[in-house]
Structure formats: C-alpha cells, structure tokens
Amino acid sequence: QVQFVESGGGVVQSGGSLNLSCVVSGIDFSNYAVGWYRQSPGKQRELVAVITSVRSFHYGDSVKGRCTVSRDNLEHEVKLQIHSLTSDDTAVYYCTAASGYTDYWGQGTQVTVSS
C-alpha cells in the first residue's frame with residue numbers, strides 16, 4: 001500500500017518562504033519521479049516541481065526562479081521550497097510519485113499565503 005505523509009502546510013506570510021516535506025512508503029522510491037503539484041479553487045491542478053529518478057528537474061512557470069525541489073532516496077522524502085510567496089501561491093499542494101506505468105498522489109496539504 002502506497003502511503004504519503006505530507007507536512008509543512010499552513011498559513012505563511014506574503015514575501016516569506018514555504019517548506020513542504022513528503023515521505024512516501026510502499027514504492028521503490030528511487031525509481032520514481034517525485035514532486036509537487038498544486039490546485040487553487042476554480043483552477044486546474046498545475047505542476048510546481050518534479051525531480052526524476054535520474055535527478056533532472058522540472059519546474060512550473062509560476063515558480064521558476066524561486067523554487068527548489070530535492071529528494072532523499074534513503075529517507076524516501078521529497079522536499080519543496082518556494083520563496084517570495086504571494087497570494088497566487090495559495091493552494092492545496094499535492095505530493096506525487098510517478099513511474100512510466102502509474103502515478104500516486106498524496107491527500108494534499110493546504111497552504112494559505114496571508115498579506
């Protein structure tokens with residue numbers, strides 16, 4: 001059974017930084033691309049950042065230049081940092097793990113940027 005433990009969400013100040021963590025169990029973690037998507041009310045789910053099994057990086061346009069994703073294969077953990085937050089970063093953030101055959105999603109963690 002695949003399980004996700006997402007942490008770090010909540011209310012953060014505009015202009016501040018966001019740090020999210022996701023620990024995944026039940027998969028061969030090192031062979032999966034892992035990362036984060038987000039969804040705001042009324043909007044489609046969008047890519048935030050993904051790091052592949054060979055450590056190539058993919059960032060969404062809305063966070064490029066202020067976002068870092070990292071992975072720890074020993075701890076089965078993927079981390080996300082976003083700086084210079086604005087209200088546009090308010091969303092539910094979903095941790096994901098994907099291979100060429102399937103993908104799995106966490107339950108999501110709410111992030112609200114307050115001014």
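Here are some worked exercises on the predicted model shown above.

**Exercise 1. Work out which secondary structure elements the protein chain has, and in what order.**

Solution. Start with the tally: the protein chain has zero helices and eleven strands. Now walk from the N terminus, and the elements read β-β-β-β-β-β-β-β-β-β-β.

**Exercise 2. Decide how the radius of gyration of the protein chain sits with the value for a compact globule.**

Solution. Take the length to begin with: for 115 residues, a compact globule would come out near 13 Å. The protein chain has 13 Å, so the value agrees with that of a compact globule. Next, look at the extents: the C-alpha trace spans about 40 × 25 × 25 Å along its principal axes. Then ask about burial: 39% of the 115 residues are buried. Last, check the contacts between residues at least 6 apart in sequence: 53% of these join residues at least 24 apart.

**Exercise 3. Describe the surface and the charges of the protein chain.**

Solution. The protein chain exposes about 6100 Å², and carbon and sulfur atoms supply 47% of that area. On the charge side, count 8 positive and 10 negative side chains. The centres of those two sets lie 5 Å apart.

**Exercise 4. How many aromatic pairs are there, and how are Tyr 37 and Trp 105 arranged?**

Solution. The count comes to three aromatic pairs. In one of them, Tyr 37 and Trp 105 sit 5.3 Å apart, centre to centre, with 70° between the planes. An angle over 60 degrees counts as edge-to-face, so that is the label for Tyr 37 and Trp 105. Now place the partners: Tyr 37 belongs to strand 4 (residues 33-39) and Trp 105 to strand 10 (residues 103-105). They are 68 residues apart, and the pair links distant parts of the chain.

Another pair is Phe 57 with Tyr 59, at 6.3 Å centre to centre and 0° between the planes. Planes under 30 degrees apart count as stacked, so Phe 57 and Tyr 59 get that label. Phe 57 is partly exposed at 43% relative accessibility, and Tyr 59 is partly exposed at 23%.

**Exercise 5. Is Asp 89 buried or exposed, and what does it touch?**

Solution. First find Asp 89: look in the loop between strand 8 (77-82) and strand 9 (91-98). Its relative accessible area is 0%; buried means under 20%, so Asp 89 is buried. Now skip its neighbours within four places in sequence, and the contacts of Asp 89 are Arg 38, Val 63, Arg 66, Ser 84, Val 111 and Val 113.

Ser 84 has a relative accessible area of 46%, which makes it partly exposed. Its phi is near 55°, a positive value in a residue other than glycine.

**Exercise 6. Find the place and the contacts of Gln 3.**

Solution. Gln 3 lies in strand 1 (residues 3-7). With a relative accessible area of 43%, Gln 3 is partly exposed. Not counting residues up to four places away in sequence, Gln 3 touches Val 23, Val 24 and Ser 25. Gln 3 and Cys 95 are 92 residues apart in sequence, yet 11 Å separates their C-alpha atoms.

**Exercise 7. What is the phi of Arg 55, and where does this residue sit?**

Solution. Phi of Arg 55 is near 65°, which is positive in a residue other than glycine. Arg 55 sits in the loop between strand 5 (46-51) and strand 6. At 44% relative accessibility, Arg 55 counts as partly exposed.

Technical notes. Residues are numbered from 1 along each chain as its sequence is written. This is a predicted model: local features need pLDDT of at least 70, side-chain atom pairs count only at pLDDT 80 or more; totals for chains, interfaces and linings use all residues. Side-chain values use heavy atoms; hydrogens and water are left out. Helices (H or I, at least four residues) and strands (E, at least two) are DSSP runs, numbered from the N terminus. The radius of gyration is taken over C-alpha atoms; the globule rule is 2.2 Å times the number of residues to the power 0.38. Buried means under 20% relative accessible area, exposed over 50%, partly exposed in between (1.4 Å probe, protein chains only). Contact means heavy atoms within 4.5 Å. Accessible areas come from the Shrake-Rupley method with a 1.4 Å probe; for residues, only the protein chains shown count as cover. Lys and Arg count as positive and Asp and Glu as negative; His and the chain ends are not counted. The place of a charge is taken as NZ of Lys, CZ of Arg, CG of Asp or CD of Glu. Rings of Phe, Tyr and Trp (its six-membered ring) pair if their centres lie within 6.5 Å; planes under 30 degrees apart count as stacked, over 60 as edge-to-face and the rest as tilted.
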